[in-house]
Amino acid sequence: MIRGGNRPAAQDAPGPAPGRSPSLITLVLCLTGTSVALLQTMVVPILPDFPTIFGVRADDASWLITITLLTAAVGTPLISRLADMVGKKRMLQVSLAFMVTGSALPAVSSSFAAAVVGRGLQGFAIALIPVGISLLRDHLPARKVAGATALMSATLGIGSALALPLAGIIDSAVGWQGIFWVPAAFGAIMLVAVRIIVPESPVRTGGRFDWLGALLLSSALTALLMAITKGGAWGWSSAETLATFAAAAALLGVWIPFERRVADPLVDLRTSTRRPVLLTNAASALVGFSMYANMLLTTQQLQLPDSLAHGFGLSVMAAGFAMIPGGMAMALFSPVSAYITNRRGPRTTLFVGAAVMAAAYLARTQLDHSVTFIVLGAMFVSIGTAITYSSMPMLIMESVPRTETASANGLNSLLRSIGTSTASAVVAALLTAMTVGVADLASGTAAARGGVPSALAHLPAPAAFDAAYYAAAGAAALACAVALTIPKPARARAGRTRRHDRVSPET
C-alpha cells in the first residue's frame, strides 16, 4: 500500500491536455527554473555594496543570503508535499507569486527590513524546480521525460551563469533596484505563462497535511542551516554554534519517530529510507557541495589582484562573463545526459557526471595559471553538474509512486541545498584560514609614490584554492562511489517508469 493517501498512484502519465504541446509545456517549466537561478544569483555581484546601500554592518547584510537559504530549506518540502496533495500547477503558481512579491518588495521599499523579508519570500520559489519536474513526469510521454528533466535541471546553471554579468549591467544602468525588478518582471511573465499553458495534473494524493511534522522539520532545518551558515562568524567551537547544532539534532530526534507514526506524514520515511532513494539523496548532498564550490572559487580567484601570482585582476562583471561558457555547456550537454539515461539508466548517468566533476577539480589544482584554463576547468565542472543533476530526479522517480513525485523530489532538492550551504561554509573557512599578506589596495597611491603601504590585506593563498578544489573533488568522488551502490531497477529499462507505478514503494 501507499502511505499518506487514499488514492492509488496513476498507472501512466496522463499526458498533456488537448492542444497543449509537450515541447511548449517543457519550455515554460524550464523558463521558470531559469527565473529561480536569476533571483538566487543576481544579488551576488552587489553583496559587498549592501552594507553601504542599507547602512548596516557587513554581518547584518549577510542575512540577505542566509534568510533565502533558510526559507528555501523550510519551504521546499512543504510546498512540494502540498503540490502532491492540492495540485502541482496550483503550488507552482504560489511559488511564482512568492517570487514576484519577494523581488518587488526590496525595490519599492529600499529599506533593509523589506530587503530581508523580500529575500525570505524569494527562497520559497526554490520549490519551483521539484514541482516543475513532477509536472513533466505527469504530462510528457515517457520517452521525453529524461530529456525534459535534464534540461530543467540545467536551467539552474544556465540562469546562474547569465545572472552574474547581467547583474553588473543592470546595476550600472539603473541601479541596485534593477537587480530585484528583473526577477519580479520575469516571474510575473512566467506566472501568466504557467496559468495559460501548463495544465493541472490530475495526479493527487489524499490525506491531511502534517502541520506538526512541518513545524518540527522546519525548526530542525532552521537550526541546522543557521549553525552551518553562521558557524564561521560565531566560531565553530562557540557555545552558539554547538547549541544550535544540538537543537537541530534534538528536533530531528523528535521528528523522525513522529513521522513514522503519523497517518499522513509530511515525508514518508519508509519510502525515503529505501536504499535507492536514500543513496540518491546522499549523492545529491555531495554533488551540491561540489557544484557550489565551482561558482564560489572561480569568481573569487579571477577577481584576485593581478599583483598576486595566482590573481588575474578581473572586474566583477568580467568574472561573471567568464562563467557563461559553463552555463551554456550545461544546456548543450542536457541531451547527452538524457541519452545516457535512456540507454544505460540514471545510475550510470550519475556516476559519469560525478566522475567528470572529480576529474575537472583535480585538473584545476594543476591548471590554474591562466584565465583560459580556469574557465575551461569551471566549464567541465558545469558539464559534470548538468549530467548529475539530470540523473537524480530520474532515480527518485524510479523509486517512488507518481502520487509522491513532488514531495520526493522536494526532499532531494533539500539535501542538495544542505550540500551547497556546507560548501559555502567550508570554502569560506579555507579561504580565510590560508592567506597571504599583500599591500592594501587602499594604500596603492602611497606605494606608487614610493612610500610604504600603511596596511596589509590578507587574501586567499594558492594553497587555499587547492584545498577547496581537493575537497570538491573528494565530494564528487564520494558521489561516484554512492552511485555504484544504488541498486539497478529489477524491471527492464524500456518499461521502467510505467511498470514501477503499478507497485507500492514497499513491494
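Modeller: What follows takes the labels one by one, with the cut-off beside the value.

Modeller: This is a predicted model, in which local features need pLDDT of at least 70 and side-chain atom pairs count only at pLDDT 80 or more, while totals for chains, interfaces and linings use all residues. Residues are numbered from 1 along each chain as its sequence is written, and side-chain values use heavy atoms, with hydrogens and water left out.

Colleague: How many helices and strands are there in the protein chain, and what makes a run a helix or a strand?

Modeller: Helices (H or I, at least four residues) and strands (E, at least two) are DSSP runs, numbered from the N terminus. The protein chain has 22 helices and 2 strands.

Colleague: What share of the residues in the protein chain is buried, and how do you know that a residue is buried or exposed?

Modeller: Buried means under 20% relative accessible area, exposed means over 50%, and partly exposed is in between, with a 1.4 Å probe and protein chains only. Of the 507 residues in the protein chain, 56% are buried.

Colleague: Why is Thr 365 called buried, and which residues does Thr 365 touch?

Modeller: Thr 365 has a relative accessible area of 8%, and therefore counts as buried. The place of Thr 365 is in the loop between α17 (346–364) and α18 (371–399). Leaving out residues up to four places away in sequence, Thr 365 is in contact (heavy atoms within 4.5 Å) with Asp 466, Tyr 469 and Tyr 470.

Colleague: Why are Gln 366 and His 369 called exposed?

Modeller: Gln 366 lies in the loop between α17 and α18, and its relative accessibility is 56%, so Gln 366 counts as exposed. His 369 is placed in the loop between α17 and α18 as well, and at 54% relative accessibility His 369 counts as exposed. The C-alpha atoms of Gln 366 and Asp 466, which are 100 residues apart along the chain, are separated by 8.7 Å, while those of His 369 and Phe 312, 57 residues apart along the chain, are separated by 9.2 Å.

Colleague: Why is Ile 374 called buried, and which residues does Ile 374 touch?

Modeller: Ile 374, whose place is in helix α18, has a relative accessibility of 1% and so counts as buried. Not counting residues up to four places away in sequence, Ile 374 touches Thr 298, Gln 301, Leu 302, Phe 312, Arg 364, Leu 367 and Asp 368.

Colleague: Why is Ser 95 called buried, and where is Ser 95 placed?

Modeller: The place of Ser 95 is in helix α5 (residues 88–109), and at 1% relative accessibility Ser 95 counts as buried. Beyond residues up to four places away in sequence, Ser 95 touches Ile 79, Phe 124, Ala 125, Ala 127 and Leu 128.

Colleague: What makes the buried residues of α16 line one face of the helix?

Modeller: In helix α16 (residues 334–344), the residues Ser 334, Ser 337, Ala 338, Ile 340 and Thr 341 are buried. Seen down the axis of α16, these buried residues fall within an arc of 160 degrees (the arc of the directions from the helix axis to the C-beta atoms), so they line one face of the helix. Pro 335, Tyr 339 and Arg 344 are exposed on the other side of α16.

Colleague: How many disulfides does the rule count, and what makes two cysteines a disulfide?

Modeller: A disulfide is a pair of cysteine sulfur atoms within 2.5 Å, and by this rule the count comes to 0 disulfides. Cys 30 is buried, with a relative accessible area of 5%, and Cys 480 is buried, with a relative accessible area of 9%.

Colleague: How do you know that the charged end of Arg 416 sits over the ring of Tyr 389?

Modeller: A charge sits over a ring if NZ of Lys or CZ of Arg is within 6 Å of the ring centre and within 35 degrees of the ring normal. The charged end of Arg 416 sits over the ring of Tyr 389, 4.5 Å from its centre. Lys 230 lies over the face of Trp 63, at 4.7 Å from the ring centre.
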